[in-house]
Amino acid sequence: MSHRNYWSQQAFGYLGSGERVMICIVRNEANYRRRFPVVLLCKSDGLYRLYKDARQRPWACGYIWPVAENLQNQNKSLVPHVPKMWGVQRNSACIIEPLPRWLFRPSAGTNLGRLLLTWFQVSETVFRARSRTSECELLPGVELWAAPVWHPVAITIIANTDVVVKALHSGALLERLKLGLERIYISEFSWIRAPSIEASIKALAARFPEKLVLVKAKSDRLIEKTMGIRRPRAVEYQLVGRQLQDRYEDDFGCGTQGMFKLRVGDVPRGSTLLWTHQLRVEFEKWTELTIVGLSKLQIEAKGARDQQNKRASKLLANHFGKNTGIAGK
């Protein structure tokens with residue numbers, strides 16, 4: 001019984017002219033080692049195969065890489081043009097990676113076929129070498145990997161510097177960390193604005209590594225200008241708050257269901273956008289918040305959202321009712 005070949009696309013990139021270049025792999029169905037890479041180039045006048053010796057063989061005059069809904073449909077457009085010895089087209093079992101941009105720099109040379117085939121061969125050699133050394137024997141004294149992120153009862157973000165300073169100096173932050181209900185996120189923007197608290201915040205983070213997370217500060221002038229945000233507290237509430245949320249979403253992924261999500265601090269002047277997916281809690285209430293208090297807070301927030309939705313629905317009904325002459329009926 002003879003085993004047939006199949007091919008799949010492994011990597012792709014675009015030249016400065018916009019032409020698409022691809023690395024495809026032809027494999028044997030029975031013997032994985034029987035395989036070879038090929039480089040294809042979609043030029044403006046058709047499809048070409050590039051060889052190591054700088055030859056370019058035209059395969060399909062007038063062929064253009066199609067704009068389809070998914071890669072599978074795009075790959076199918078190559079099927080009529082590949083040699084029969086390649087066999088059937090199959091989707092790659094791994095993620096099709098983009099080719100590094102440095103491969104297409106003018107300094108990389110003009111023999112693109114040799115460069116890409118060499119790069120692919122070296123990449124596979126390095127991958128196999130790393131795979132052989134990926135397993136190691138665990139011995140006494142060897143440092144083990146980090147434990148999974150602890151799942152707290154609540155995720156708390158403190159986006160405003162004044163609230164961070166108040167929580168630190170009043171001892172509320174330490175008490176909340178000792179209570180152990182929350183994983184608290186604070187931006188380093190707070191000690192950029194208030195440098196005197198840096199040492200104390202870092203000491204608490206070292207003492208409670210799973211409960212206090214310090215997030216790198218970033219600036220986004222475009223969003224500030226678009227939203228018309230100028231005051232520091234408003235910038236923190238919106239932009240820093242967004243960065244803190246991004247961090248806990250990176251930590252937990254989709255596993256935040258069932259955890260309360262809190263944002264401590266009042267809404268500052270100059271902020272028109274509110275975060276409805278987080279429970280806003282005043283600092284004084286947060287310091288004494290228990291699990292029972294968290295549940296009550298969530299119920300109150302749900303009631304407030306329901307009332308807001310009802311008011312919006314009523315306004316819409318009255319508006320359209322007046323226009324149709326059936327208001328109040």
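Here are legends for a few close-up views of this predicted model.

Residues are numbered from 1 along each chain as its sequence is written. Because the model is predicted, local features need pLDDT of at least 70, side-chain atom pairs count only at pLDDT 80 or more, and totals for chains, interfaces and linings use all residues, while side-chain values use heavy atoms, leaving out hydrogens and water.

**View A. Strand 2 and its cover.** Nine of its nine residues are buried (under 20% relative accessible area; exposed is over 50%, partly exposed in between, with a 1.4 Å probe and protein chains only). Arg 20, Met 22, Cys 24, Val 26 and Asn 28 point one way, and Val 21, Ile 23, Ile 25 and Arg 27 point the other.

**View B. The neighbours of strand 2.** Strand 1 (residues 5-14) runs antiparallel to strand 2 over nine bridges (a pair needs at least two DSSP bridges). Here Tyr 14 has Arg 20 as its bridge partner. Five residues sit between these strands in the hairpin, where Gly 18 takes a positive phi near 95°. Strand 3 (residues 35-43) also pairs antiparallel with strand 2, over eight bridges, and Pro 37 in strand 3 partners Ile 25.

**View C. Cysteines without a bond.** The disulfide count comes to zero (a disulfide is a pair of cysteine sulfur atoms within 2.5 Å). The closest cysteine sulfur to that of Cys 42 is in Cys 24, 9.3 Å away, so too far for a bond. Cys 42 is buried at 6% relative accessibility, whereas Cys 61 is exposed at 75%.

How values were computed
Helices (H or I, at least four residues) and strands (E, at least two) are DSSP runs, numbered from the N terminus.
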